[in-house]
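Q: Could you take a close look at one part of this model with me, and then work outward to the rest of the chain? I would like one connected account that I can follow on screen.

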Amino acid sequence: QTSRAERTASPITSQTELSGSVQANTSQQTASGDQTSVNLAVQIFNRTRYNTDRDFASIRIILEEGASKVEGEDLSKGVDRAEVRATYIYRVSPRIGPYLRGVLQSNVFPTDRRFSPPRDLIRIRKSGIIDTLRGTTEFTTTPSLSPITLREGVGINSQVIRSFGLNMDLRLGIGARQDVRSDFFEISTNPATGNIEAREFGSTSSTGLEALLIMDARLGRYINLDSEFDILVTSRQADDWFFTWENRMRIALTSFINLDIVADLEREQALRRLQGREQLLLRFSRFF
């Protein structure tokens, strides 16, 4: 017989985490002495799930904002991330079934690049127009809500491993990605002329075959590892493959203090190069 708790258990679960992190770094400068920087960030994380024998639906919302302060410089924007992920799986059997997913990512605040002393900046528009900004002290490389990245996919989900210590899902299907950009610039130095250039990138769209490998592992009583690899294959040329690989190891120090080790790797369509991010965060969390 089933217990009363089992009969009345809701298929919907939701958890919200409010957390803050702090980083303090000291770098040794041979010319000017030691330089100290402080990074502060606040994150709101919500995951809501609907889970029955046949249906699984999940919505994940992340809003993370932070600021950085380098000794002798003005306060600047640090992390700026807004993301919504939604997934639906219909279980044909306990381990396999079709899936439908969507991801939306963007930034809330603009990003500025500061120059000290002021520099001349050559601005190259995607339309081909080139002009020079004289004595530039600050230049906006990304405005608010630019880019807006959308990812959609449909295919087959397979539960490769399902156990107490390790869960792993493999998804194969058809995927699409759109990067909607407006006034989006990348600043670099021209090696031939030495000039500082701001080159504008436009919107892009891709479709192809997608594959996702999602894993969460319990490495110990107080250690958890989450990893997600997401790749979109748009042609036979490897240069046209774009992916994100997100990894986070969380070490629980107390009931509300965690040590987070973050290592992300990405190759996107516009810049066509690898971009990495590593963080070591002392995070203070409160669950609701």
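**A strand residue and its surroundings**

A: Let's begin with Leu-63, which counts as partly exposed because its relative accessibility is 35%, between the 20% limit for buried and the 50% limit for exposed. Please keep in mind that this is a predicted model. Leu-63 sits in strand β3, which runs over residues 55-70. Setting aside residues up to four places away in sequence, Leu-63 touches Val-42, Gln-43, Ile-44, Arg-81, Ala-82 and Val-108.

Side chains of opposite charge can pair when their charged atoms come close. Over the whole structure, a search finds 25 salt bridges.

Let's look at a few of these pairs in turn. Arg-250 forms a salt bridge with Glu-17, with 3.1 Å between the closest N and O atoms. This pair links distant parts of the chain, 233 residues apart: Arg-250 belongs to strand β14 (residues 241-252) and Glu-17 to strand β1 (residues 12-29). Arg-250 counts as buried because its relative accessibility is 11%, and Glu-17 is buried too, at 5%.

Next comes the pair of Glu-138 and Arg-114, a salt bridge whose closest N and O atoms are 3.3 Å apart. Because Glu-138 lies in strand β7 (residues 130-142) and Arg-114 in strand β6, the pair ties together parts that are 24 residues apart in sequence. Here Glu-138 counts as partly exposed at 43% relative accessibility, and Arg-114 is partly exposed as well, with a relative accessible area of 40%.

In the salt bridge between Arg-199 and Glu-197, the closest N and O atoms are 3.8 Å apart. Its two partners fall into separate classes: Arg-199 is partly exposed, with a relative accessible area of 41%, whereas Glu-197 counts as buried at 12%.

Now to the nonpolar side. In soluble globular proteins, nonpolar side chains tend to be buried together. The largest nonpolar core in this model has 7 residues, namely Phe-115, Leu-121, Phe-139, Phe-185, Ile-187, Ile-196 and Ala-198. Strands β6 (111-124), β10 (184-189) and β11 (196-201) are the elements that give two or more residues to this core. Beyond its neighbours within four places in sequence, Phe-139 is in contact with the core members Phe-115, Leu-121, Phe-185, Ile-187 and Ala-198.

A cis peptide bond, with omega about 5°, joins Ser-116 and Pro-117, and Pro-117 is placed in strand β6. The bond from Ser-146 to Pro-147 is also cis, with omega near 0°, and Pro-147 is found in the loop between β7 and β8 (148-162). Leu-145 is in the loop between β7 and β8 too. Although Leu-145 is not a glycine, its phi is positive, about 55°. With a relative accessible area of 53%, Leu-145 is exposed. Asp-183, again not a glycine, has a positive phi of about 55°; you will find Asp-183 in the loop between β9 (166-180) and β10. At 39% relative accessibility, Asp-183 counts as partly exposed.

Finally, zoom out to the whole chain. There are 16 strands and 1 helix, and the C-alpha trace spans about 80 × 45 × 25 Å along its principal axes. Of the 288 residues, 35% are buried. Among contacts with a separation of 6 or more, 56% come from residues 24 or more positions apart. The accessible surface comes to about 17200 Å², and carbon and sulfur atoms account for 58% of it. As for charge, the chain carries 37 positive and 36 negative side chains, and the centres of these two sets are 5 Å apart.

Definitions and conventions: Residues numbered from 1 in each chain as written. Predicted model: local features only at pLDDT ≥ 70, side-chain atom pairs only at ≥ 80, totals over all residues. Heavy atoms only, no water. Helix = DSSP H or I, 4+ residues; strand = E, 2+ residues; numbered from the N terminus. Buried < 20%, exposed > 50% of the residue type's maximum accessible area, 1.4 Å probe, protein only. Contact = heavy atoms within 4.5 Å. Areas by Shrake-Rupley, 256 points an atom, 1.4 Å probe, with all protein chains shown as cover. Lys, Arg positive; Asp, Glu negative; His and termini not counted. Charge placed at Lys NZ, Arg CZ, Asp CG, Glu CD. Core = buried A, V, L, I, M, F, W, Y, C linked by side-chain atoms within 4.5 Å. Salt bridge = Lys/Arg side-chain N within 4 Å of Asp/Glu carboxyl O.
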